[in-house]
Amino acid sequence: MSTEEQHPAQPEQEHAGAGTTPRSLAESLRARDDASLAALLRARPDLVTPVPTDLTQLATRAGTRASVVRALERLDRFALQTAEALAVARDPATYDELLGLMAGDDHGDEGGEVVARALPRALGTLREQALVWGPDDRVRLVRTARELLTPSPQHPSPTGLGPTVAEATPGMSPGRIQEIVTTAGLPSTHDAVSAVAALTELFTDRERMSALLDEAPADSVEVLSRLVWGPPYGQVTADPAPRLRWLLDRGLLLPTAPGTVVLPREVALHLRAGRAHRGTEPLPPAVEAAAAHRPTVVDATAAGQAYTALATVEELLKDWDEGGPAVLRAGGLSVRDLKRTSVALDVTEQVAAFWVELAYAAGLLASDGEADERYAATPAYDEWLELPAAERWSRLAVAWLAATRTAGLIGGRDARDRTLSALGPGLDRSAAPEVRHRVLALLGALPEGAAARPDSVLARLRWERALRGTAQPPRAPAAGTAPEPEDLRARLARWTLSEAELLGVTGRGALSTHGRALLGLPPSPVPGPEPAGTGHEHTGGERPDGRPPGHGLPTGRGPGDEPPTHRSRPPEPAPGAVPAAAPAFPAPGTPAELAANAARAAGLLAPLLPEPLDHVLLQADLTAVAPGPLRRPLADMLGVLADVESKGGATVYRFTPGSVRRALDAGRAAADLHAFLAAHSRTPVPQPLTYLIDDVARRHGHLRIGAASAYVRCDDDALLNEILADRRSAGLRLRRLAPTVLAAQADPATLLEGLRAMGFAPAAESAEGDVLISRALAHRTPPRSAPEPVPEGPPVPDATLLGAAIRAVRAGDLASTAARKPAPEADAAPAGNGALPRTSSADTLATMQAAVLTGEALWIGYVNAEGAASQRVIAPIRVEGGFVTAYDHTADEVRTYPLHRVTGVAELADDRP
């Protein structure tokens with residue numbers, strides 16, 4: 001059935017300040033202004049893809065199951081509780097009835113007043129999103145939402161309520177219903193319908209119901225107390241106990257199936273004092289501060305971690321420079337390669353997976369696409385290395401914010417019980433960017449330097465995006481029981497907090513100054529009143545501004561948690577207006593906004609990062625200490641000449657014979673190495689290091705290895721005799737060809753490594769006898785683009801698209817609802833609701849020509865070249881050559897139509913609006 005929500009025709013009545021009462025959702029949408037329609041399409045972007053032809057189609061689309069489910073999942077907890085209360089109320093309900101379900105019969109207490117002040121905002125949200133329509137004396141939940149939220153045995157409601165008396169008694173015999181009515185003290189009726197109505201009236205009458213329950217045995221009342229908050233179903237035997245029999249005889253429990261009874265909704269509401277929920281949550285929980293730090297300490301900590309993040313990504317890709325690990329057949333990184341990477345980076349496997357995924361999201365890492373496919377750095381990595389450090393960090397941070405790939409899932413199982421691997425498929429979660437932005441925005445709402453309690457952040461997120469089907473937030477597990485698994489958004493929030501710390505967006509748990517800039521937040525929020533939904537509480541020490549904790553803030557609640565004061569009853573909605581709703585769950589910015597924020601963040605971070613140094617400190621124990629980051633040429637050369645021994649605030653390099661030989665193999669001469677160290681050391685070059693370089697250089701290349709399969713050539717035949725006499729050379733199977741030449745059956749590379757293992761310093765040579773320089777060649781993939789994030793549904797339309805869509809919908813609605821004159825010919829096919837007009841070709845041409853002379857607008861049916869039919873309102877300008885040129889009110893432009901594609905034409909009524 002169309003979700004336009006058709007109801008029996010009712011006399012149009014004036015609503016105080018609201019005009020004519022709408023009879024359908026389409027009429028309700030038709031009464032909105034453009035700003036209200038834009039708010040609807042912005043909150044539910046799936047409605048604008050593709051653009052509806054008119055408001056009737058928009059209303060139908062807004063009531064489809066998939067769209068309603070998506071809208072319900074984006075409601076905050078109190079708005080969802082309001083929708084759940086409407087689902088158990090009568091249809092339509094009044095605002096006072098809804099308030100009674102939300103606050104209870106006695107809603108004059110403090111808790112009831114808070115609910116009464118917050119209810120207009122929640123109802124406004126539901127109205128804005130077209131989940132609720134109608135004035136306050138006839139509030140209707142759209143049919144699909146009611147079907148989704150109404151309690152049933154298969155789908156219990158979070159309210160814990162069961163069916164009404166009328167819904168639970170259709171299967172009962174009329175005689176049994178009359179027995180219940182008589183036992184309850186009511187006069188018998190002439191039919192079952194009136195008996196059910198009398199029973200319903202009894203259960204909804206507070207005084208008579210209280211009197212009936214006063215007569216109930218204590219055991220019977222105890223049974224009702226166990227069912228009152230749900231689930232409302234229970235099991236009974238064929239011969240119920242007396243306490244159950246008393247309830248069954250009076251209809252306080254009704255049978256629904258053999259052996260199953262249910263507590264009627266009216267009885268439960270009486271026992272609950274009219275409340276639909278055990279506990280309502282009209283206010284968002286405060287985000288509590290766990291500790292407070294000086295903003296300068298936070299920024300310095302975050303900057304240090306940002307530098308570490310850059311060094312880690314560089315180390316990762318440098319380790320994979322000559323070709324990284326192989327790609328699994330199913331895609332991704334093997335568990336063994338991930339372990340090797342974690343050992344190389346000196347981090348846990350989960351943290352290593354995060355850095356790998358971050359490099360991939362930034363477009364710095366990809367598979368090379370070769371037959372023996374491996375992971376390697378992309379050409380974009382070389383460009384990234386040339387950027388200043390702050391800009392390199394901003395590139396990583398922007399990629400992290402927008403990425404839908406979620407490193408926290410690695411190591412888990414997918415729906416098919418397959419292990420999720422790093423860089424593999426199945427890691428995209430569309431909600432990740434939105435959750436990251438929101439978590440960081442909540443941190444940004446706290447005073448500068450304040451770190452939030454993670455549990456309070458999770459509680460806030462659960463309130464802002466309540467899960468349909470959960471009436472209460474998760475509770476702490478009982479002793480000895482396993483905790484309930486967290487939902488995806490809660491896990492995303494926890495991962496966001498840890499990843500932001502790793503990346504340097506936060507420092508000591510507090511959002512840094514450059515982190516605020518990255519999100520587009522003000523640089524220094526001033527504690528005080530804030531928009532609803534950004535409350536916070538400062539605890540844990542003195543405030544950065546010197547005030548004591550809690551100064552100027554209400555106890556237990558942060559600014560913004562208390563909504564603006566409202567009357568207990570909201571003003572009636574005027575035509576074309578929707579009550580103001582709370583701000584929607586914020587979405588990430590556009591790419592242009594993110595780029596601008598990243599540039600500002602880089603500018604704030606740059607002064608906090610250490611300047612690269614052009615020197616090291618050489619020590620007598622064959623080590624060099626780099627007291628900070630080194631300039632790239634110095635770091636590259638030192639990485640070849642020495643091995644990294646330890647990292648931290650200062651990096652320690654150790655010189656070994658192998659590292660010196662590596663530099664000589666790369667084409668450096670001993671004199672070059674001496675000059676390099678003398679130029680870049682703030683201390684004199686130690687004598688042991690000079691001796692080491694000279695000794696390795698003297699022996700380097702004395703032995704020459706080429707391809708015979710392989711041979712060893714040396715001018716010193718005594719040295720060759722030494723090699724032959726060494727037992728370790730047996731595996732190389734050497735034999736003498738000449739006094740200065742040995743031949744081997746191993747290949748040159750194996751021979752080279754074997755002699756080096758024996759303590760010699762051979763050098764490879766070419767076929768021409770020249771020494772081969774073994775310089776590591778960086779392996780790069782072909783140009784690769786960064787992976788595209790997987791969006792969560794259609795993107796939010798921009799202002800231009802919204803304006804064009806609303807104009808098109810308005811024009812299409814005008815064409816479909818414009819009043820028309822009767823067809824001029826008695827035999828003309830009548831145009832029903834939504835049907836195209838049908839007239840003969842001669843009548844169509846004559847009507848068009850007359851409209852050109854009179855300047856009147858016409859309603860036409862038109863079928864395009866693809867066979868798609870549409871209705872249009874046009875003002876003909878010229879008719880010639882089988883075409884009509886007219887101003888199309890639907891498209892808001894002048895168009896030309898072939899007359900043979902016009903199915904029919906009708907004049908608009910003179911009294912059209």
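Student: What makes β21 and β22 a hairpin?
Tutor: Two residues lie between them, and the two strands pair in the antiparallel sense. This is a predicted model, in which local features need pLDDT of at least 70, side-chain atom pairs count only at pLDDT 80 or more, and totals for chains, interfaces and linings use all residues. Residues are numbered from 1 along each chain as its sequence is written, and side-chain values use heavy atoms, without hydrogens or water.

Student: How do you know that β21 and β22 pair?
Tutor: Two strands pair if DSSP finds at least two bridges between them. β21 (residues 734-738) and β22 have four bridges, so they meet that cut-off. In one of them, A738 has V741 in β22 as its partner. A strand here is a DSSP run of E, at least two residues, and strands are numbered from the N terminus.

Student: What stands opposite R713?
Tutor: V741 in β22. β20 (residues 710-713) and β22 (residues 741-744) pair in the antiparallel sense, over four bridges.

Student: What is the strand order in the open sheet of three strands?
Tutor: β5-β7-β6, with antiparallel pairing.

Student: Why do β5 and β6 count as edges?
Tutor: β5 (233-235) and β6 (254-257) each have a single partner strand, so one side of each has no neighbour in the sheet. Neighbouring strands are turned by 40 degrees against each other on average, direction ignored. Axes are lines fitted to C-alpha atoms, for helices over the stretch in contact; angles run from 0 to 180 degrees between N-to-C directions.

Student: How many bridges join β5 and β7?
Tutor: Three, in the antiparallel sense, with β7 at residues 260-262. G234 stands opposite V261 in β7.
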